[in-house]
Amino acid sequence: MAQMAMVMHLDRCIGCHTCSVACKQVQSTAEGLEYAWFNNVETRPGRGYPHAWDEREATGAGWVRASSGTLRPRGGGRLASLAQIFAAPGTPVLAAYDDPVAEALRSRVAGPAPETMGGARGPEPVRSPAPRDSVADDAVLAHLSEHVTADLAETFSFYLPRLCEHCLNPACVAACPSGAMYKRVEDGIVLVDQHVCRGWARCVPACPYKKVYLNPVTGKATKCTLCVERIEAGEPTLCSDTCVGRLRYIGLVLYDADKVEAAAAVADPHDLLDAQRDVILDPNDPDVVAAAERSGIPEEWVMAAQWSPIWQLVSRFRVALPLHPEYRTLPMVWYVPPLSPVVDVVAATGADGEDFATLAAAFEQLAGPVDYLAEMFAAGAREPVTEVLRRLAAVRAVTAGSSGSSGSSGAGASGAGASGAASPGPTTSARPARGRRGGPDPAVARAVGLDPGELTELHQLLTKADYADRNVIPEAYAASAQALAELGCSLDEDGGPGMGAAAPPGAGPAVVAPAGGGPAAGGPAGDGPAAGTVEATRGGRFNLLGWTGRGRPHQLFPAPAPSPARPASPSHPPSHPPSPK
Amino acid sequence: MTSATDVLLWGVLPYVSFVLLVAGTVWRARRDRASWSARPTGLAEARLLRWGSPLFHYGMLAVVLGHVAGLAVPASWTAAAGVTDHAYHLAATWLGTVAAAATIVGLVILLYRRATVPRVRTATTRGDVVMLVLLVTSVVVGTWATVQLQLVDGGYDYRTTVSPWFRGLWLLQPDPSLMHGVPFVLGLHVVAALVLFALWPFTRLVHAFVAPVPYVARPYVVYRSRGGAA
């Protein structure tokens, strides 16, 4: 199946909240949703929104693996969940979402009599927005040692934009007694049917990310829709479109729906990350493409998956990690963890934070930052985080090299030597000016398991991707109109009005496939039963009028020669050109 | 024997109430399905709700079951099953009293919460107030009737008056005379309940009709196609 997914490159987030505001102004303006931010940006370490949302002991969030190896919602199986239906435990109260400003300031505005304010100040609010205060409430820090906590509080911080994860194995959907929440087959977006929702509120505590909101006015649950109306039109979400730091990537990934349950149920939480990566299929694999076609995924969508920056970052370069995979929901908003705060920590010790070898060595010693990121993005496993950080450091070295400052190039040389010693790579003694003009240092690339060409691509994708590179979204309507045109009339089944040649010509089809126009309607309508003919009609006939010029329908083109492992996408212009400038 | 009031209260009102209940439910399901919700307020306050709501709801479920047993099952059936009148009376009275106690404690907690927590108070509609007045009347008068008639006065056999009358309603043979000598508190309880049923579809009580029973037999994750159900 296909899943619309997102990757956020946290190094680029400046915490400006433009995404949150854009989202708020359009998606959660309804009365009753004043408190709800479908997208929010929080400072980590920090208490987050809602407060301590990622506290492990949060009741009923995500899934647990029973000793039998099966999964059940942490909030209880079906019967246990129904037994608790009269009061959903674990639901955060409004105060945890930060009261609206007026509420927070009430004590200051309408506070005690002026005598206590004679040149001084009003009462302190219960919680202040000061970072130190907030850090004390961080749920992840609570799991790390005290020493680390103190260290981190001094030096380490980054911004974490969050929205609904549109999980492959959504716990909110599982917890919904009414069956109002569902995952869309076509693009994996998790939605709430407002006409079916009865306000039992079990979804709110079930979501580990606390990204389902109850509207107390309507009594219904609402949530981030991944701007479904924009996605369907081929536009990126508002948060991505407006992102000042250009840190969001949106695209399709193809995944194996049959593997989801097993992947979410692996025994060791440290294996969850790899299991989750394994569920995602290589869109360039001919078998995968064939399977996708068989299951009715439009060709345009398969191509979109091939061009997807998500697949590049998650599966090919493996630099994106899921947020809190230990809840076993297989979240589909991925994060490239931030290197900059780690660099800052290194720089604070007096070392050269821009130097690849220094950084690479530091990851092994720096308990605090790496542990924190590991708790956040890898269920506590350091290894995948250091792997990503090393690659990010290599990317940083490419940027430092091409910037042409002689100081950093000298440092780069010594760094390369050190990394050569650390890994069985080549010696790099006489390469002071290497990587100065565009090309990365091959030794650095090899040290992180990439060839220089790949490192260049990764550098390009992470630092210079433009709008079209970051947002690769097929148009749902165009694609489905085309599919409909090829399929014939959807009413053309046993007993349907469009069934058989006896149907009044053009009556049904014209309604169903207006985009396809006459030929489609006239064509397949009389050509026998529609069920199971998707393949047949696709193999034989193609409606040229429905062609946008973007797909590559195989009826129009000769079958490609059996291609190598990565047939690539020749027509994909942006992210592949090898030379950055 | 049977006055006009008797006919009105015990012959007409039940059917008016029933028609409003059914027609109103259908109307609301077709016209205003989007408002069909339990309208949760857990967001505003959780501590009181956590105790009050389960106490009230579970107590109420027990009370409803008790009413079904007492009204729908003829005395001859239980006798045939070998339950003596005395045993039946004892069980009904004590189980009923415990259920009523849980319901009332829960209800008091919830009412206190609704009155004192500002956000819950704000979320209370006029319909909620009307509904709550009727609900409280039904519950309090019903409990009072049980305590007064069964515990203090030593027993009132509603199974020869109220129950046959109730069953007669369903068989379309209403017999208001059966209710003629019914103690005032019991009558008041029945009338309050009938009015509550009539207004049921137009209040938040509709959430009782959508108890998510199918959930127990559903796969955890629901998939749906963009066009409709998958």
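Student: Leaving aside its neighbours within four places in sequence, which residues is Leu389(A) in contact with?
Tutor: The structure is a predicted model. Residues up to four places from Leu389(A) in sequence are set aside here. The contacts of Leu389(A) that remain are Pro338(A), Leu339(A), Val342(A), Phe363(A), Val370(A) and Leu373(A).

Student: How many residues does the largest nonpolar core have?
Tutor: Leu389(A) is among the residues with the most contacts inside this core. Val7(A), Leu160(A), Met181(A), Leu313(A) and Phe377(A) are listed with it. The residue count of the largest nonpolar core is 151.

Student: Which helix gives the most to this core?
Tutor: The contribution of a helix is counted in core residues, and the top figure is eight. The helix that supplies these eight covers residues 382–403 of chain A. That element is helix H18.

Student: How many residues are in the second, separate core?
Tutor: Chain B residues belong to this core, including Leu149(B), Val162(B), Leu169(B) and Leu194(B). In soluble globular proteins, nonpolar side chains tend to be buried together. The second core has a residue count of 15.

Student: Is Pro341(A) buried or exposed?
Tutor: Pro341(A) sits in helix H15 of chain A, residues 340–348. Its relative accessible area is 5%. The limit for burial is under 20%, so Pro341(A) counts as buried.

Student: Which residues does Pro341(A) contact, leaving aside neighbours within four places in sequence?
Tutor: Pro341(A) and Pro369(A), 28 residues apart in sequence, have a C-alpha to C-alpha separation of 7.9 Å. Contact is a separate criterion, with heavy atoms within 4.5 Å. Beyond the sequence neighbours, the residues in contact with Pro341(A) are Asp11(A), Phe156(A), Ser157(A) and Phe158(A).

Student: How many residues of helix H13 of chain A are buried?
Tutor: The helix runs over residues 299–306 and is mostly covered. Its buried residues include Glu299(A), Trp301(A), Met303(A) and Gln306(A). The count for H13(A) is eight of eight.

Student: Why are H14(A) and H21(A) oblique to each other?
Tutor: The axes of H14(A), residues 309–316, and H21(A), residues 452–463, come within 11 Å. Angles from 65 to 115 degrees count as roughly perpendicular and those over 145 as roughly antiparallel. H14(A) and H21(A) are therefore oblique, given that their axes cross at roughly 130°.

Student: How many charged residues are in the contact of H14(A) with H21(A)?
Tutor: H14(A) brings Pro309(A), Gln312(A), Leu313(A) and Arg316(A), while H21(A) brings Glu454(A), Glu457(A), Leu458(A), Leu461(A) and Leu462(A). By class, five residues in this contact are nonpolar and one is polar. The number of charged residues is three.

Student: What is the crossing angle of the axes of H1(B) and H7(B)?
Tutor: H1(B) covers residues 4–31 and H7(B) residues 162–170, with axes that come within 11 Å. The crossing is right-handed, and the two helices are oblique to each other. The angle is roughly 55°.

Student: How many charged residues does the contact of H1(B) with H7(B) have?
Tutor: Trp10(B), Pro14(B), Tyr15(B) and Phe18(B) of H1(B) meet Trp165(B), Gly168(B), Leu169(B) and Trp170(B) of H7(B). Seven of the residues in this contact are nonpolar and one is polar. The charged class has no residues.

Student: What percentage of the residues in chain B is buried?
Tutor: Chain B has eight helices and two strands. Of its 230 residues, the buried share is 39%.

Student: What percentage of the residues of chain A counts as buried?
Tutor: Chain A contains 26 helices and twelve strands. Its length is 581 residues. The buried share of chain A is 54%.

Conventions: Residues numbered from 1 in each chain as written. Chains lettered and ligands numbered in written order. Predicted model: local features only at pLDDT ≥ 70, side-chain atom pairs only at ≥ 80, totals over all residues. Heavy atoms only, no water. Core = buried A, V, L, I, M, F, W, Y, C linked by side-chain atoms within 4.5 Å. Buried < 20%, exposed > 50% of the residue type's maximum accessible area, 1.4 Å probe, protein only. Helix = DSSP H or I, 4+ residues; strand = E, 2+ residues; numbered from the N terminus. Axes fitted to C-alpha atoms, helices over the stretch in contact; angles between N-to-C directions. Parallel < 35°, antiparallel > 145°, perpendicular 65-115°, else oblique. Nonpolar A, V, L, I, M, F, W, Y, C, P; charged D, E, K, R; others polar. Left-handed = near helix turned anticlockwise from the far one by under 90°.
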